[in-house]
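Subject: Structure handover

Hi,

As promised, here is the structure for you to look at.

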Amino acid sequence: MGELRGVAATALGVARIRAAESTRRDRLFDDPYAAAFVAAAPPPPAAATRADDTEVPATHREAFYRGLFRHIVLRTRFFDDYLTAAAGEHALRQVVVLAAGLDSRAYRLPWPDGVRLYEVDLPEVLAFKERVLAERGARPRCACTAVVADLRTDWTAPLRAAGFAPDEPTAWLVEGLLVYLSAAEAARLLTTLGEQSAPGSRLAFPGSGDFRNSPMMDGGRALPSMREVSALWKGGLDEPADDWLGRHGWRPRTYARETVAASYGRALGGRAGKAGGGADGRGAFVVAVRGDRETPAS
Ligand SMILES: C[S@@+](CC[C@H](N)C(=O)[O-])C[C@H]1O[C@@H](n2cnc3c(N)ncnc32)[C@H](O)[C@@H]1O
């Protein structure tokens, strides 16, 4: 089993945070597989660690890591609820998770009968995930299909070959990917996704503002321990996502981080509360509905 390197390794970073959150008594979700992924991953190659961050003021580095933790925890729970509602009250039976990484929602959410979920990611990530889940005897709670594709190229052909039906409404999740794409790559991906979305499809992703100037990006770039990851950041869409989505056949709604956190009983404070948000404060999460038959709701 090869190591996860480059952008593939970022999936492990998310799993580390989900594993830590899952041990809290007041956890917002329980991901029993996250710790298994972390335990199974080979030790990372020599790289800067948090011990190398001492040149950065302690308040800044603590604010960054606290903000990153909160961002990933909040978005995990928010998108858990988004997918649960998409398959529940909105009755969608086709779910596509682009850049699924080590997301274990197929194995831990209470899916209704008939849900078909497709997980798209790079081959090494999906192979690692499959091996670890198989070793644990994990069973998906819906029909789950892994689809190997590079999302900067034609990913719809392998998705359709796996059984995806573009004429059926889809619940799409694009969590933690766009920042690793250039503005042109992100717009192309979302345009293609829109072309595959029947009316009534739903789409969710984090960040409705421009990632380039967000406090989280700035904080991460300043830290030696984040150098390998921040070097991968290309910024994603170069305009607020709700503006882009509104012009491309979607009815978007954004959700402010503070409101989402408060609804889960996790108050945010100071700089950490802003980390991960858009530069213009337009919200941390976006949910959109294809066509105008219904209004967005989480
Ligand atoms: C930060 S992780 C997020 C994973 C998952 N969505 C989650 O939140 O747990 C980013 C993921 O994007 C995937 N990814 C990045 N660029 C990709 C590309 N061009 N094609 C397919 N997957 C890609 C990585 O392999 C990784 O699994």
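Below is what I found, starting with the ground rules and then going from the whole chain to single residues.

This is a predicted model, so local features are given only where pLDDT is at least 70, side-chain atom pairs count only at pLDDT 80 or more, and totals for chains, interfaces and linings use all residues. Residue numbers start from 1 along each chain as its sequence is written.

**Whole chain**

The protein chain has twelve helices and seven strands; helices (H or I, at least four residues) and strands (E, at least two) are DSSP runs, numbered from the N terminus. Of its 298 residues, 45% are buried. Buried means 20 or more other C-beta atoms within 10 Å of a residue's own, exposed means 12 or fewer, and partly exposed is in between, with C-beta atoms placed from the backbone. If you take the contacts between residues at least 6 apart in sequence, 79% of them join residues at least 24 apart. A contact here is two C-beta atoms, placed from the backbone, within 7 Å.

**The core**

The largest nonpolar core holds 83 residues, and V95, L98, V120 and A204 have the most contacts inside it. Helix α3 (residues 58-87) gives the largest share of this core, 13 residues. For the definition: such a core is a set of buried Ala, Val, Leu, Ile, Met, Phe, Trp, Tyr and Cys residues joined through C-beta atoms within 7 Å. Setting aside neighbours within four places in sequence, A204 touches F79, Y82, L173, F285, V286 and V287.

Strand β7 (residues 285-290) is largely enclosed by the rest of the structure, because six of its six residues are buried. Both faces are covered, with F285, V287 and V289 buried on one side and V286, A288 and R290 buried on the other.

Strand β5 (residues 202-206) runs antiparallel to β7 and is joined to it by five bridges; strands count as paired if DSSP finds at least two bridges between them. Within that pairing, F205 has V286 as its bridge partner. Strand β6 (residues 250-255) also pairs with β7 in the antiparallel sense, over six bridges, and there W250 stands opposite R290.

P206 belongs to β5 and is buried, with 28 other C-beta atoms within 10 Å. Beyond four places in sequence, P206 is in contact with R75, E175, A284 and F285. P206 and I72 are 134 residues apart in sequence, yet their C-alpha atoms are 9.7 Å apart.

T10, A11, L12, V14, A15, I17, R18 and E21 are the buried residues of α1, and they pack against α2 (34-40), α3, α5 (123-135) and α9 (227-230).

Helix α1 also supplies the largest share of the shell around the ligand, three residues. There are 20 residues around the ligand, of which A11, A99, G101, L151 and G176 come nearest; a residue is counted if its C-beta atom, placed from the backbone, lies within 6 Å. By class, the shell has twelve nonpolar, three polar and five charged residues. Ala, Val, Leu, Ile, Met, Phe, Trp, Tyr, Cys and Pro count as nonpolar, Asp, Glu, Lys and Arg as charged, and the others, Gly among them, as polar.

**Loop residues**

Most residues other than glycine have a negative phi. A91 sits in the loop between α3 and β1 (94-98) and is exposed, with 11 other C-beta atoms within 10 Å. A99 is in the loop between β1 and α4 (105-108), but counts as buried, with 25 C-beta neighbours inside 10 Å.

A149 is in the loop between β3 (143-148) and α6 (156-161). With 20 C-beta neighbours inside 10 Å, A149 counts as buried. Leaving out residues up to four places away in sequence, A149 touches V120, W155, P158 and L159.

Cheers
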